[in-house]
Amino acid sequence: MYIRYEVADRIATITLDRPDAANAQNGELLDELDAAWMRAAGSADVAVIVLRAEGKHFSAGHDLKDRSWPDPSSITLDRIYELESRRYLEYSLRWRNVPKPSIAAVQGRCIAGGLLLCWPCDLIVAAEDALFSDPVVLMGIGGVEYHGHTWELGARKAKEILFTGRPVTAEEAQQVGMVNTVVPRAELDEHTRQLAARIAAMPAFGLRQAKRAVNQTLDVQGFYAAIQSVFDIHQTGHGNALSVNGYPILIDMDEMKANIK
């Protein structure tokens, strides 16, 4: 319903196809996306995975009207933890650890939950109009569930974007190493395709070992333990909202909507 999956020339292209909602992520979209990732991971015909999005924006993040969430009157921290553990943390970590190279092609807005889709990819190609942000401090939460911020941006830049909610431009993201390449919007798909084709021509075993070596080094440095620990910090935000406001969390919706114009 929300995901397109295509394979050509040993490249699997997974497309977010909910452009009318700026590719906001409801439960169905995330489940379909995970199924597409696992299909590509298990296919002998696929050497490289490309994640892209239809429309003006890569992803506006989690759908705040997601019907797969419980009714606000019956929601509990236990239920939130269960849902987010699976669809947010577990999915993102699983995509990160797929033993095949992956590339995210990002245009327009990539907000909060959108980062959980592109950060697990091995490479990121960004259009010049790409803007990356995590404004969930407005919701009383210290950052999205998969806390790649410090690893992707460095500690001080991570604090800046969390404290202010402002977006990071594609150029800034490239300067700090979060993005590999910045290209004109019209060239995004073709550049990503050429990069994927070059990688697909490499020996599959060598690619798998190279990816494992880099990911394992990050894990030895503490990546995996930090991701798990900060997920629990994220949940304290939900716990505070439940105890103070009930649910849903009170949000400055005008401020949030400004992020996807």
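**Helix packing and voids in a predicted model**

Author: This is a predicted model. The axes of helix α2 (residues 77-96) and helix α9 (residues 223-244) come within 11 Å and cross at roughly 150 degrees.

Reader: Why is α2 called roughly antiparallel to α9?

Author: Angles over 145 degrees count as roughly antiparallel. The axes of α2 and α9 cross at roughly 150 degrees. So α2 is roughly antiparallel to α9. The crossing of the pair is right-handed.

Reader: Which residues of α2 and α9 meet?

Author: Contact means heavy atoms within 4.5 Å. On the α2 side, the residues are Leu77, Ile80, Tyr81, Glu84, Ser85, Leu89, Leu93 and Arg96. They meet Phe223, Tyr224, Ile227, Gln228, Phe231, Asp232, His234, Gln235, His238, Gly239 and Leu242 in α9. By class, this contact has ten nonpolar, six polar and three charged residues.

Reader: What makes α1 and α2 roughly parallel to each other?

Author: The angle. The axes of helix α1 (residues 27-42) and α2 cross at roughly 20 degrees and come within 11 Å. Angles under 35 degrees count as roughly parallel. Therefore α1 and α2 are roughly parallel to each other.

Reader: Is the crossing of α1 and α2 left-handed or right-handed?

Author: α1 passes α2 in a left-handed crossing. From α1, the contact takes Gly27, Leu30, Asp31, Leu33, Asp34, Trp37 and Met38. From α2, Arg86, Arg87, Tyr88, Tyr91, Arg94 and Trp95 take part. The contact of α1 with α2 divides into seven nonpolar, one polar and five charged residues.

Reader: Now the voids. How many cavities of 30 Å³ or more are there?

Author: The count comes to two. The second largest cavity has a volume of about 30 Å³.

Reader: Which residues line the second largest cavity?

Author: Leu115, Trp119, Phe132, Ser133, Leu153, Ile161, Val168 and Met178. The lining of this cavity has seven nonpolar residues, one polar and no charged.

Reader: Which element gives the most to the lining of the second largest pocket?

Author: α8, with six residues.

Reader: How do the residues of the lining of the second largest pocket divide by class?

Author: Into 16 nonpolar, four polar and four charged. Asp counts as charged, so Asp122 is one of the charged residues in the lining.

Conventions: Residues numbered from 1 in each chain as written. Predicted model: local features only at pLDDT ≥ 70, side-chain atom pairs only at ≥ 80, totals over all residues. Heavy atoms only, no water. Axes fitted to C-alpha atoms, helices over the stretch in contact; angles between N-to-C directions. Helix = DSSP H or I, 4+ residues; strand = E, 2+ residues; numbered from the N terminus. Parallel < 35°, antiparallel > 145°, perpendicular 65-115°, else oblique. Left-handed = near helix turned anticlockwise from the far one by under 90°. 1 Å grid on protein atoms, 1.4 Å probe; cavity = no way out; pocket = protein on both sides within 12 Å on 5 of 7 lines; lining within 4 Å. Points joined across faces, edges and corners; volume = space filled by probe spheres on them.
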